[in-house]
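Take a look at the fold below. Start with its overall dimensions, then move to one strand and its partners.

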Amino acid sequence: MFSRRQILAGAGVGLVAAPAILRAQQLLTAFPFRLGIASGDPSHDGFVIWTRLCPDPVDEHGGMPMGPVDVDWFVYEDEGMKRVAQKGSATAWPELGHSVHVELAGLQPDRPYWYRFVLGRDKTQLGRSRTLPAPGAALDRLRFAAAGCQHYEDGLFTAYAHLAREDVAFIWHYGDYIYEDRARQVNYERDGRARVHVRDHVGTECYTIGDYRRRYAQYKMDPDLQAAHRVAPWFTTFDDHEVVDNWTSTVSPYQPDPALFAIRRAAAMQAYYEHMPLRRASMPSSGAMQLYRRSRIGDLLTTHFLDTRQYRSPLPCKGGFEPACPAVADPKQTVLGGAQQQWLERGLRDGGSRWNLVAQQVMMMPLDRQSEPGGGEIRNLDSWAGYDAARERMAARFAGRGDVIVMTGDEHQNFAGELRRQGGKGEVAAPEFVVTSISSGGDGWVRPEVQAQLRAHNPALQYVSDQRGYAVCDVTRDLWQTRFRGVDQVTTPGGAIATLATASVERGKPAINLS
């Protein structure tokens, strides 16, 4: 029997709890985890797990009410979910699009973990992540993957379905996770040929936070991309299309007013953080993000993830594929900015690893891009080729070491070549591996005769290919191998994967051997 006082007290509790119960029921009228899950920024004792509540991906706010929502999370030691390593509850705040970033710590080094999120009766799929070996721990080998440049309209994300089957410690995404432009029924290659159109962007060109959120939601719903996120932790950095094509620092080629561009950049960076498995240290503040960071993996590899957009001087000349103008030689021009440059130099001086990976967005090799005999030198000025003094300073830091590998994206092609001093004509400073796109460029856009001309004008270039895909790197104490993995088609389903070439580098010898 209950007393009248107990009954009244119980009724009071029910009245207080009722709105929360109703809210939960309203949320669960549609599945809230449509954008999947991800993990990222792994360390030796943890990583970030991510999701975003988004029952309506087309809506600016994801179909969520404007209020905080608590989400339960679980981390398991086994795939059968029998042994819980950690669990808790995280708040999905409307200020961050109801995204969730849980930073885990206190886990065991160098082992896999499994995780998922729960809201009411809804559960995510089970994701797999892993911790890295402890800094300084003896480590004989490591495998990781590199990928990026995934234009939704150019092709299917078939390469990610294959990448999800690779056994890698982590995936580095070098940028262009989304493309910001509006839907186009027709697109063109650089030589004017029409490109196959596969699927349409939703919405207009991205300017506001709602625009960028919708675009990320569209990309995130791709099942192949979700699969690749579920199998390994990601390190992510942006390039240009997460904001707008060819932006640098406070400058946009399409907005002459820096104050107006700052509004767009701030919206883009907030949306990027909302959709990436990043730590709170990278949360945007005053329209900027801290994205360059370092990870030391055992005593084998130190990774230096660079940011070549936020601190770069404006593009020289007209900023495209064109002959160099005098501004290219300006010694004051920078790609990394002073603070990031000093940070990188300190990291390289500190040592302690057999290899150093300099992971960045735009090609360092100053390639001559002329496609016709006798046409005169052409450069891609939205790369280090537009910043001669900055590139020479960087190459000088790498020269003579024999332990630096440069990896790059952006080009939508595979390249393996030597970063040489003196404008590409002097001493070899380091090998550079440029990784192709996931889908940008469609099934292929570079004619064989153009590739032949590129090789002829650039003796430092050892390998070039034009297929979509990714790279897998196998690192041992004395040998680095980069396998260029390519799919035969992305404009129709069912693309098959193959290893196009393997580029090897012996520690202490920057020369590239191909097989």
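Predicted model: local features only at pLDDT ≥ 70, side-chain atom pairs only at ≥ 80, totals over all residues.

Residues are numbered from 1 along each chain as its sequence is written, and side-chain values use heavy atoms, leaving out hydrogens and water.

The protein has nine helices and 26 strands. These are DSSP runs, numbered from the N terminus: H or I of at least four residues for helices, E of at least two for strands. The C-alpha trace spans about 95 × 50 × 45 Å along its principal axes. The radius of gyration is 24 Å, which agrees with the value near 24 Å for a compact globule of 515 residues. That radius is taken over C-alpha atoms, and the globule rule is 2.2 Å times the number of residues to the power 0.38.

Of the 515 residues, 58% are buried. Buried means under 20% relative accessible area with a 1.4 Å probe, counting protein chains only. Take contacts (heavy atoms within 4.5 Å) between residues at least 6 apart in sequence: 69% join residues at least 24 apart.

Now turn to strand β20, residues 414-420. Seven of its seven residues are buried. Which strands pair with β20? One is β22 (residues 461-465), antiparallel over four bridges. There, A416 has Y463 as its bridge partner. Another is β21 (residues 428-434), also antiparallel, joined by six bridges. In β21, A430 is the bridge partner of L419. Pairing requires at least two DSSP bridges between two strands.

Note on methods: Buried < 20%, exposed > 50% of the residue type's maximum accessible area, 1.4 Å probe, protein only.
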